[in-house]
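Let's take a walk through this protein model together. Have the sequence and the 3D view ready, and follow along as we go.

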Amino acid sequence: MGRFLIVSASMGAGHDAVAAELAGRLQADGHRTACVDLLNLLPPGTGRGLRAAYRTALRRCPWAYQAVYTAFFRDRGAPIGRNGWAPDTGPLAAALEPRLRHVVDRWRPDALVSTFHQAAQVTGRLRAAHGDCPPSTVVVTDFAVHRQWLHPGNDLYLCLTGAAAARVRAATGRPAKVCGPVVPAAFAEAGQSHTDRPPTRWARELARRGPGRPAVLVSAGAWGVGQRLTGTALLLAKAGHLPVLLCGRDEKLRARASGLPGVLALGWIEDLPDLMAASSAMVDNAAGQTAMQALAAGVPVVGYRPIPGHGAEGVSEMADAGITDHVADDITLLSSLDRLVRPGADRDRRIAAGRAVFTADAARLVAC
């Protein structure tokens, strides 16, 4: 059995959720795992400051984050290597490299696994600079693979789609396989039809809150980030839906939305699989882990008002792959939801397309 060091970062909850799910699967197969948060390897207060700056940029000045993303993340259209662009490891990756090397020397893993783009830069540097560094696999959690994920020092990339894997191979020259999203099995299990199972508490609660109204989740991620979230929720309520605004850990957003007529505002939810299984659709703005959980649960997803940078590109990539809808205005949003919440061929096709993304077990590919 192997020893796996999984490197993530607490930027939101998605990357850590993937790391935890991979660790659980590897442990179930008899392997030993350890997870490290890159932000905790930085000098005291530095990681917390970086996280706060990122969250503030998304909430208050998204144009600034878009500018950073365009300058440092967006594809330059050339491969990595002697005739192309060099990997953008930058000062942060350079500072983190010796710190992660110290962890590797202390724990002595058989392999490294990255679930965050900056982690991929650091592990790539380690592999390129130190011949005795263990092999490194990058689990790409984004549908749109920006260039900060890419470093030719890594040995293997696991991607969400064939298009993403092709992008990685062309840019790095390294092997890339398709595994689909990494989410707990509870989401797929909750989404299966169980006629002999009594209604869950969420099925009862949604029926009580909005009898006859299809419940539509409005996702804002762990931080409650997004454009005009309460406006979207009110729009859905007026159109005859029961909007369920997922505020994450943003209690101010939840308190503000709780007074809106016809809107159910929720904080952090531990039994999210059951809530998704009781819902008819989801409005997403980030193409992140919540959207992937919805796909596993058989909940059609509509991308609307995406957050800048990776969110906008990911929402577009998902729609281009035929997995979701991506709409530009209120009228198209309502039209898309009306089509997807009703039982029928359109809804069935969209659910099937979402579930088809889950092609392989990433933990098995990591361990092989």
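Find the loop that links strand S11 (301-303) to helix H14 (310-320): arginine 305 sits there. Keep in mind that this is a predicted model. Arginine 305 isn't a glycine, yet its phi is positive, at about 45 degrees. Is arginine 305 buried or exposed? Its relative accessibility is 15%, and because buried means under 20%, arginine 305 counts as buried.

Now hop over to another arginine with a positive phi. Arginine 228 has a phi of about 50 degrees, and it's not a glycine either. You'll find arginine 228 in the loop between strand S7 (215-219) and helix H10 (229-238). Here the relative accessibility is 56%, and the cut-off for exposed is over 50%, so arginine 228 counts as exposed.

Next, look for the sheet. It's an open one, built from 6 strands with parallel pairing, and the order is S2-S1-S3-S4-S5-S6. At the edges you'll see strand S2 (32-37) and strand S6 (176-178), each pairing on one side only. On average, neighbouring strands in this sheet are turned by 20 degrees against each other, if you ignore direction.

Zoom in on strand S1 (residues 3-8) and strand S3 (residues 111-114): they run parallel and are joined by 4 bridges. Leucine 5 stands opposite leucine 112 of S3. Helix H5 (residues 90-107) packs on the sheet, where it touches S1, S2 and S3, and its direction makes about 160 degrees with that of S1. Helix H7 (residues 162-172) packs on the sheet too, touching strand S5 (156-159) and S6. The direction of H7 makes about 180 degrees with that of S6.

Key: Residues numbered from 1 in each chain as written. Predicted model: local features only at pLDDT ≥ 70, side-chain atom pairs only at ≥ 80, totals over all residues. Heavy atoms only, no water. Helix = DSSP H or I, 4+ residues; strand = E, 2+ residues; numbered from the N terminus. Buried < 20%, exposed > 50% of the residue type's maximum accessible area, 1.4 Å probe, protein only. Pairing = 2+ DSSP bridges. Axes fitted to C-alpha atoms, helices over the stretch in contact; angles between N-to-C directions. Contact = heavy atoms within 4.5 Å.
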